[in-house]
Amino acid sequence: MSTLQHQEASLQGAKDESVAKLEQSIGGSKTHEHLSDISKMKTEDDGSFKRKAASFRNWIEPNGEFAPEKGRYHLYVSYACPWATRTLIVRKLKGLEDLIGVTVVSPRMGNNGWPFANVDAFPGADTDPINGAEHVKDLYLRVKPDYDGRFTVPVLWDKQQGTIVNNESSEIIRMFNTAFNQFLPADKAALDFYPEKLRKEIDEVNDWVYDTVNNGVYKSGFASTQKAYEAAVVPVFASLDRLEKMLAGQEYLVGGQLTEADIRLFVTIVRFDPVYVTHFKCNLRTIRDGYPNLHRWMRVLYWGSPAFKDTCNFEHIKTHYFWSHPMINPHRIVPVGPIPNILPLDA
Ligand SMILES: N[C@@H](CCC(=O)N[C@@H](CS)C(=O)NCC(=O)O)C(=O)O
(Lines give C-alpha, C1' and ligand atoms only; values in the text may rest on other atoms or scores of the structure.)
Protein backbone atom coordinates (compact mmCIF):
# COMPACT_ATOMS: atom_id res chain seq x y z
CA MET A 1 0.00 0.00 0.00
CA SER A 2 1.41 3.46 -0.97
CA THR A 3 1.67 6.21 1.65
CA LEU A 4 -1.21 8.01 -0.03
CA GLN A 5 -3.37 4.87 -0.07
CA HIS A 6 -2.44 4.28 3.53
CA GLN A 7 -3.42 7.84 4.51
CA GLU A 8 -6.69 7.53 2.59
CA ALA A 9 -7.44 4.21 4.26
CA SER A 10 -6.78 5.58 7.73
CA LEU A 11 -8.81 8.70 6.95
CA GLN A 12 -11.65 6.45 5.79
CA GLY A 13 -11.23 4.43 8.98
CA ALA A 14 -11.46 7.57 11.09
CA LYS A 15 -14.52 8.69 9.10
CA ASP A 16 -16.22 5.30 9.55
CA GLU A 17 -15.49 5.47 13.24
CA SER A 18 -16.87 8.98 13.64
CA VAL A 19 -19.96 8.11 11.56
CA ALA A 20 -20.43 5.00 13.68
CA LYS A 21 -20.09 7.10 16.85
CA LEU A 22 -22.55 9.65 15.54
CA GLU A 23 -24.98 6.91 14.55
CA GLN A 24 -24.54 5.34 17.94
CA SER A 25 -25.17 8.66 19.67
CA ILE A 26 -28.33 9.24 17.67
CA GLY A 27 -29.31 5.62 17.95
CA GLY A 28 -28.32 4.40 14.50
CA SER A 29 -30.49 5.05 11.48
CA LYS A 30 -31.78 1.58 10.72
CA THR A 31 -31.91 -0.46 13.90
CA HIS A 32 -34.98 1.19 15.40
CA GLU A 33 -37.30 1.08 12.43
CA HIS A 34 -39.59 -1.44 14.12
CA LEU A 35 -40.22 1.27 16.76
CA SER A 36 -40.11 4.41 14.62
CA ASP A 37 -41.97 3.29 11.50
CA ILE A 38 -45.69 3.37 12.26
CA SER A 39 -46.53 1.36 9.15
CA LYS A 40 -44.60 -1.55 10.72
CA MET A 41 -46.53 -1.31 13.98
CA LYS A 42 -48.36 -4.55 14.74
CA THR A 43 -51.95 -4.66 15.95
CA GLU A 44 -53.00 -7.26 18.54
CA ASP A 45 -53.86 -10.83 17.43
CA ASP A 46 -57.54 -9.87 17.17
CA GLY A 47 -56.75 -6.89 14.91
CA SER A 48 -57.30 -4.26 17.61
CA PHE A 49 -54.99 -1.33 18.36
CA LYS A 50 -53.67 -0.91 21.93
CA ARG A 51 -51.78 2.27 22.78
CA LYS A 52 -48.61 1.76 24.84
CA ALA A 53 -48.22 3.76 28.05
CA ALA A 54 -45.72 6.63 27.98
CA SER A 55 -42.33 5.93 29.63
CA PHE A 56 -41.00 9.20 31.05
CA ARG A 57 -43.18 10.27 33.95
CA ASN A 58 -41.15 12.73 36.02
CA TRP A 59 -42.78 15.73 37.64
CA ILE A 60 -41.80 19.40 37.79
CA GLU A 61 -42.11 20.46 41.43
CA PRO A 62 -40.36 22.72 43.94
CA ASN A 63 -37.30 21.11 45.57
CA GLY A 64 -37.64 18.11 43.27
CA GLU A 65 -35.16 16.83 40.69
CA PHE A 66 -37.01 18.99 38.16
CA ALA A 67 -37.64 22.33 39.84
CA PRO A 68 -39.80 25.01 38.22
CA GLU A 69 -37.48 27.49 36.48
CA LYS A 70 -37.84 30.04 33.74
CA GLY A 71 -36.34 28.89 30.42
CA ARG A 72 -35.19 25.49 31.71
CA TYR A 73 -37.80 23.33 29.96
CA HIS A 74 -38.61 22.91 26.29
CA LEU A 75 -41.47 21.25 24.43
CA TYR A 76 -41.04 19.19 21.28
CA VAL A 77 -44.39 18.92 19.51
CA SER A 78 -46.20 18.22 16.30
CA TYR A 79 -49.09 20.50 15.35
CA ALA A 80 -50.64 17.40 13.85
CA CYS A 81 -50.74 15.41 17.05
CA PRO A 82 -53.82 15.85 19.26
CA TRP A 83 -51.91 14.85 22.41
CA ALA A 84 -49.15 17.38 21.73
CA THR A 85 -51.70 20.07 20.90
CA ARG A 86 -53.21 19.72 24.39
CA THR A 87 -49.88 20.90 25.78
CA LEU A 88 -49.68 23.82 23.33
CA ILE A 89 -53.18 24.95 24.29
CA VAL A 90 -52.48 24.93 28.03
CA ARG A 91 -49.08 26.59 27.51
CA LYS A 92 -50.80 29.44 25.71
CA LEU A 93 -53.83 29.69 28.00
CA LYS A 94 -51.52 29.97 31.02
CA GLY A 95 -49.19 32.46 29.28
CA LEU A 96 -46.14 30.20 29.53
CA GLU A 97 -44.73 31.09 26.10
CA ASP A 98 -41.74 33.04 27.47
CA LEU A 99 -40.94 30.38 30.05
CA ILE A 100 -41.15 27.25 27.94
CA GLY A 101 -39.85 27.15 24.37
CA VAL A 102 -41.35 25.02 21.60
CA THR A 103 -39.91 23.15 18.63
CA VAL A 104 -42.29 21.87 15.95
CA VAL A 105 -41.52 18.76 13.88
CA SER A 106 -42.45 18.16 10.26
CA PRO A 107 -45.86 16.48 9.96
CA ARG A 108 -44.47 13.83 7.60
CA MET A 109 -43.68 10.97 9.94
CA GLY A 110 -41.66 8.41 7.95
CA ASN A 111 -39.47 5.36 8.58
CA ASN A 112 -37.50 7.17 11.27
CA GLY A 113 -40.54 8.73 12.88
CA TRP A 114 -40.96 12.47 13.32
CA PRO A 115 -38.28 14.50 11.45
CA PHE A 116 -37.09 18.02 12.21
CA ALA A 117 -36.81 20.66 9.48
CA ASN A 118 -33.15 19.86 8.71
CA VAL A 119 -34.39 16.51 7.39
CA ASP A 120 -37.78 17.60 6.07
CA ALA A 121 -38.21 21.37 5.63
CA PHE A 122 -42.01 21.35 5.70
CA PRO A 123 -43.39 24.91 6.11
CA GLY A 124 -43.81 25.64 9.80
CA ALA A 125 -41.41 22.91 10.94
CA ASP A 126 -38.32 23.84 12.99
CA THR A 127 -34.80 22.56 13.36
CA ASP A 128 -33.90 21.40 16.85
CA PRO A 129 -32.14 24.35 18.56
CA ILE A 130 -31.13 22.37 21.63
CA ASN A 131 -29.88 18.99 20.51
CA GLY A 132 -29.51 19.46 16.76
CA ALA A 133 -31.38 16.20 16.34
CA GLU A 134 -32.63 14.91 13.01
CA HIS A 135 -35.58 12.99 14.38
CA VAL A 136 -37.50 12.84 17.64
CA LYS A 137 -36.15 9.32 18.11
CA ASP A 138 -32.64 10.81 18.50
CA LEU A 139 -33.78 12.57 21.68
CA TYR A 140 -35.13 9.38 23.19
CA LEU A 141 -32.03 7.36 22.31
CA ARG A 142 -29.70 10.05 23.58
CA VAL A 143 -31.40 9.82 26.97
CA LYS A 144 -31.94 6.06 26.96
CA PRO A 145 -29.94 4.14 24.34
CA ASP A 146 -31.89 0.93 25.07
CA TYR A 147 -35.30 2.65 24.86
CA ASP A 148 -37.83 0.25 23.35
CA GLY A 149 -41.04 2.28 23.37
CA ARG A 150 -42.46 4.46 20.64
CA PHE A 151 -40.84 7.77 19.78
CA THR A 152 -43.82 9.97 20.51
CA VAL A 153 -44.54 13.67 20.86
CA PRO A 154 -45.04 15.64 23.00
CA VAL A 155 -41.67 15.50 24.72
CA LEU A 156 -40.97 17.84 27.65
CA TRP A 157 -37.21 18.33 27.70
CA ASP A 158 -34.97 19.56 30.53
CA LYS A 159 -32.20 21.68 29.02
CA GLN A 160 -30.26 21.71 32.29
CA GLN A 161 -29.89 17.95 32.65
CA GLY A 162 -30.23 17.15 28.96
CA THR A 163 -33.00 14.68 29.54
CA ILE A 164 -36.69 13.97 29.02
CA VAL A 165 -38.87 15.02 31.93
CA ASN A 166 -42.14 13.62 30.71
CA ASN A 167 -43.72 12.38 27.47
CA GLU A 168 -47.31 11.98 28.64
CA SER A 169 -49.51 14.91 27.60
CA SER A 170 -52.11 14.42 30.34
CA GLU A 171 -49.36 14.92 32.93
CA ILE A 172 -47.62 17.74 31.10
CA ILE A 173 -50.85 19.78 31.07
CA ARG A 174 -51.29 19.22 34.82
CA MET A 175 -47.77 20.55 35.42
CA PHE A 176 -48.37 23.55 33.18
CA ASN A 177 -51.61 24.20 35.08
CA THR A 178 -49.83 24.93 38.37
CA ALA A 179 -46.06 24.37 38.45
CA PHE A 180 -45.03 27.76 37.04
CA ASN A 181 -47.63 29.93 38.79
CA GLN A 182 -44.98 31.75 40.84
CA PHE A 183 -43.56 33.30 37.64
CA LEU A 184 -46.92 34.34 36.18
CA PRO A 185 -49.02 37.49 36.54
CA ALA A 186 -51.93 37.06 38.97
CA ASP A 187 -54.61 36.63 36.28
CA LYS A 188 -52.71 33.79 34.60
CA ALA A 189 -51.67 32.15 37.87
CA ALA A 190 -55.31 32.13 38.93
CA LEU A 191 -56.38 30.08 35.91
CA ASP A 192 -57.01 26.52 37.02
CA PHE A 193 -58.15 23.93 34.51
CA TYR A 194 -58.23 21.14 37.09
CA PRO A 195 -59.88 22.77 40.11
CA GLU A 196 -60.05 20.74 43.28
CA LYS A 197 -63.83 20.84 43.52
CA LEU A 198 -64.33 19.48 39.98
CA ARG A 199 -61.56 16.86 39.93
CA LYS A 200 -63.76 13.83 40.44
CA GLU A 201 -66.12 14.84 37.66
CA ILE A 202 -63.29 15.83 35.31
CA ASP A 203 -61.51 12.50 35.92
CA GLU A 204 -64.71 10.58 35.20
CA VAL A 205 -65.32 12.40 31.92
CA ASN A 206 -61.66 12.15 30.89
CA ASP A 207 -61.76 8.43 31.48
CA TRP A 208 -64.43 7.46 28.99
CA VAL A 209 -63.62 10.30 26.59
CA TYR A 210 -60.02 9.06 26.41
CA ASP A 211 -60.99 5.46 25.80
CA THR A 212 -63.82 5.94 23.33
CA VAL A 213 -63.14 9.32 21.70
CA ASN A 214 -59.49 10.53 21.91
CA ASN A 215 -58.09 7.03 21.55
CA GLY A 216 -61.33 5.59 20.15
CA VAL A 217 -60.77 7.19 16.74
CA TYR A 218 -57.28 5.63 16.61
CA LYS A 219 -58.70 2.23 17.61
CA SER A 220 -61.14 2.56 14.74
CA GLY A 221 -58.54 3.77 12.23
CA PHE A 222 -55.73 1.39 13.13
CA ALA A 223 -57.93 -1.73 13.44
CA SER A 224 -56.78 -4.43 11.06
CA THR A 225 -59.94 -6.58 11.04
CA GLN A 226 -63.57 -5.68 10.26
CA LYS A 227 -64.61 -6.92 13.68
CA ALA A 228 -62.05 -4.83 15.57
CA TYR A 229 -62.97 -1.77 13.52
CA GLU A 230 -66.69 -2.12 14.24
CA ALA A 231 -66.02 -2.81 17.91
CA ALA A 232 -64.13 0.51 18.05
CA VAL A 233 -66.20 2.78 15.83
CA VAL A 234 -69.58 2.18 17.46
CA PRO A 235 -68.44 3.38 20.93
CA VAL A 236 -66.94 6.52 19.33
CA PHE A 237 -70.42 7.58 18.23
CA ALA A 238 -72.14 6.40 21.42
CA SER A 239 -69.81 8.75 23.30
CA LEU A 240 -70.33 11.61 20.85
CA ASP A 241 -74.09 11.17 21.41
CA ARG A 242 -73.49 11.33 25.16
CA LEU A 243 -71.32 14.45 24.85
CA GLU A 244 -73.93 16.07 22.61
CA LYS A 245 -76.49 15.67 25.41
CA MET A 246 -74.07 16.99 28.04
CA LEU A 247 -73.50 20.15 26.01
CA ALA A 248 -77.20 20.96 25.52
CA GLY A 249 -77.57 24.47 26.96
CA GLN A 250 -74.04 24.25 28.44
CA GLU A 251 -71.00 26.23 27.42
CA TYR A 252 -68.51 23.73 28.87
CA LEU A 253 -68.39 20.02 29.74
CA VAL A 254 -67.90 20.21 33.51
CA GLY A 255 -68.88 22.73 36.20
CA GLY A 256 -69.85 25.59 33.85
CA GLN A 257 -66.22 26.57 33.33
CA LEU A 258 -63.36 25.76 30.95
CA THR A 259 -61.49 22.73 32.28
CA GLU A 260 -58.97 20.24 30.98
CA ALA A 261 -61.94 18.02 30.01
CA ASP A 262 -62.81 20.57 27.29
CA ILE A 263 -59.19 20.92 26.20
CA ARG A 264 -58.70 17.16 25.95
CA LEU A 265 -61.88 16.70 23.94
CA PHE A 266 -61.38 19.74 21.68
CA VAL A 267 -58.22 18.39 20.03
CA THR A 268 -60.11 15.31 18.81
CA ILE A 269 -63.31 17.10 17.75
CA VAL A 270 -61.45 19.71 15.70
CA ARG A 271 -59.74 16.91 13.71
CA PHE A 272 -62.91 14.88 13.33
CA ASP A 273 -64.47 16.13 10.07
CA PRO A 274 -61.19 16.98 8.28
CA VAL A 275 -59.46 13.68 9.15
CA TYR A 276 -61.15 11.02 11.25
CA VAL A 277 -64.38 10.77 9.21
CA THR A 278 -62.46 9.60 6.15
CA HIS A 279 -58.99 8.47 7.23
CA PHE A 280 -60.06 6.55 10.35
CA LYS A 281 -63.47 5.55 8.90
CA CYS A 282 -65.39 7.28 11.70
CA ASN A 283 -68.18 8.09 9.30
CA LEU A 284 -71.48 7.30 10.98
CA ARG A 285 -72.02 11.07 11.27
CA THR A 286 -69.96 14.25 10.96
CA ILE A 287 -69.65 16.85 13.70
CA ARG A 288 -70.95 19.63 11.45
CA ASP A 289 -74.06 17.74 10.33
CA GLY A 290 -74.75 15.38 13.19
CA TYR A 291 -73.87 17.16 16.42
CA PRO A 292 -75.10 20.78 16.69
CA ASN A 293 -74.09 21.24 20.34
CA LEU A 294 -70.62 19.78 19.94
CA HIS A 295 -70.21 21.75 16.74
CA ARG A 296 -71.12 25.04 18.45
CA TRP A 297 -68.94 24.26 21.50
CA MET A 298 -65.95 23.52 19.25
CA ARG A 299 -66.40 26.66 17.14
CA VAL A 300 -66.84 28.91 20.19
CA LEU A 301 -63.51 27.65 21.55
CA TYR A 302 -61.78 27.83 18.16
CA TRP A 303 -62.98 31.25 17.02
CA GLY A 304 -63.11 32.76 20.49
CA SER A 305 -59.67 31.93 21.83
CA PRO A 306 -56.23 32.22 20.18
CA ALA A 307 -55.01 29.43 22.48
CA PHE A 308 -57.26 27.05 20.55
CA LYS A 309 -57.15 28.62 17.07
CA ASP A 310 -53.43 29.44 16.85
CA THR A 311 -52.37 25.98 17.96
CA CYS A 312 -54.50 24.39 15.27
CA ASN A 313 -52.61 24.01 11.96
CA PHE A 314 -54.73 22.15 9.43
CA GLU A 315 -51.89 21.96 6.91
CA HIS A 316 -49.85 19.95 9.43
CA ILE A 317 -52.86 17.99 10.68
CA LYS A 318 -54.10 16.80 7.30
CA THR A 319 -50.67 16.19 5.81
CA HIS A 320 -49.62 14.16 8.82
CA TYR A 321 -52.45 11.67 8.91
CA PHE A 322 -52.94 11.13 5.19
CA TRP A 323 -49.18 11.02 4.47
CA SER A 324 -47.85 9.13 7.48
CA HIS A 325 -50.00 6.01 7.49
CA PRO A 326 -49.30 4.28 4.16
CA MET A 327 -50.87 1.09 5.56
CA ILE A 328 -54.20 2.99 5.50
CA ASN A 329 -53.60 5.42 2.62
CA PRO A 330 -50.88 3.91 0.38
CA HIS A 331 -50.81 6.73 -2.20
CA ARG A 332 -50.51 9.39 0.49
CA ILE A 333 -53.09 11.60 -1.22
CA VAL A 334 -54.29 14.37 1.08
CA PRO A 335 -57.99 15.16 0.50
CA VAL A 336 -58.86 18.71 -0.49
CA GLY A 337 -62.00 18.95 1.65
CA PRO A 338 -63.84 19.55 3.74
CA ILE A 339 -64.05 23.21 2.76
CA PRO A 340 -63.71 24.98 5.07
CA ASN A 341 -61.98 22.76 7.62
CA ILE A 342 -63.93 24.55 10.31
CA LEU A 343 -67.11 26.51 9.69
CA PRO A 344 -67.64 30.06 10.95
CA LEU A 345 -69.69 30.50 14.12
CA ASP A 346 -72.72 31.92 12.35
CA ALA A 347 -72.95 29.15 9.71
N1 LIG B 1 -49.44 9.08 25.72
C2 LIG B 1 -48.96 9.98 24.82
C3 LIG B 1 -49.33 9.61 23.38
C4 LIG B 1 -48.61 10.46 22.40
C5 LIG B 1 -48.67 9.88 20.98
O6 LIG B 1 -49.08 8.72 20.76
N7 LIG B 1 -48.23 10.68 20.00
C8 LIG B 1 -48.22 10.20 18.62
C9 LIG B 1 -48.63 11.30 17.66
S10 LIG B 1 -50.30 11.75 17.70
C11 LIG B 1 -46.82 9.85 18.19
O12 LIG B 1 -45.89 10.61 18.39
N13 LIG B 1 -46.66 8.69 17.55
C14 LIG B 1 -45.43 8.25 16.99
C15 LIG B 1 -45.32 6.75 16.97
O16 LIG B 1 -46.14 6.06 17.59
O17 LIG B 1 -44.39 6.28 16.32
C18 LIG B 1 -49.46 11.36 25.20
O19 LIG B 1 -50.67 11.56 25.41
O20 LIG B 1 -48.62 12.23 25.34
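I began with the largest cavity, where α10 (260-276), α11 (287-290) and α12 (292-304) each supply at least two residues of the lining. Helices here are DSSP runs of H or I with at least four residues, strands are E runs of at least two, and both are numbered from the N terminus. A cavity, on a 1 Å grid over the protein atoms alone, is a set of points where a 1.4 Å probe fits but cannot get out, and lining residues have an atom within 4 Å of a point.

A note to myself on the model: it is predicted, so I kept in mind that local features need pLDDT of at least 70 and side-chain atom pairs pLDDT 80 or more, while totals for chains, interfaces and linings use all residues. Residues are numbered from 1 along each chain as its sequence is written, and side-chain values use heavy atoms, with hydrogens and water left out.

**Cavities**

How many cavities of 30 Å³ or more does the structure hold? I found two. The largest has about 50 Å³ of space, a volume being the space filled by probe spheres set on grid points that are joined across faces, edges and corners.

I then listed its lining: Ile269, Val270, Asp273, Pro274, Ile287, Arg288, His295, Met298, Asn341 and Leu343. Helix α10 gives the largest share, four residues. By class I noted six nonpolar, two polar and two charged residues. Nonpolar covers Ala, Val, Leu, Ile, Met, Phe, Trp, Tyr, Cys and Pro; charged covers Asp, Glu, Lys and Arg; the others, Gly among them, are polar.

The second largest cavity has about 30 Å³ of space. Its lining is Glu251, Tyr252, Arg296, Trp297, Val300 and Leu301, which I sorted into four nonpolar, no polar and two charged residues.

**Pockets**

Next I turned to pockets, which are open sets of points with protein on both sides within 12 Å along at least five of seven lines. I read about 880 Å³ for the largest pocket. Which residues lie nearest its centre? Of the 39 lining residues, they are Phe49, Arg51, Lys52, Arg150 and Thr152.

Helices α2 (33-36), α3 (82-93), α5 (169-178) and α8 (216-222) each bring at least two residues to this lining, and α2 gives the most, with three. The lining divides into 17 nonpolar, twelve polar and ten charged residues.

The second largest pocket has about 200 Å³ of space. I counted 14 lining residues there, with Gly221, Phe222, Ala223, Ser224 and Ile328 nearest the centre. Both α8 and α9 (226-246) supply at least two of the lining residues, and α8 gives the most, with three. I put seven of the lining residues down as nonpolar, six as polar and one as charged.

**The whole chain**

For 347 residues a compact globule would have a radius of gyration near 20 Å, and the chain's 22 Å agrees with that. The radius is taken over C-alpha atoms, and the globule rule is 2.2 Å times the number of residues to the power 0.38.

Of the 347 residues, 52% count as buried, meaning under 20% relative accessible area with a 1.4 Å probe and protein chains only.

Conventions: Buried means under 20% relative accessible area, exposed over 50%, partly exposed in between (1.4 Å probe, protein chains only).
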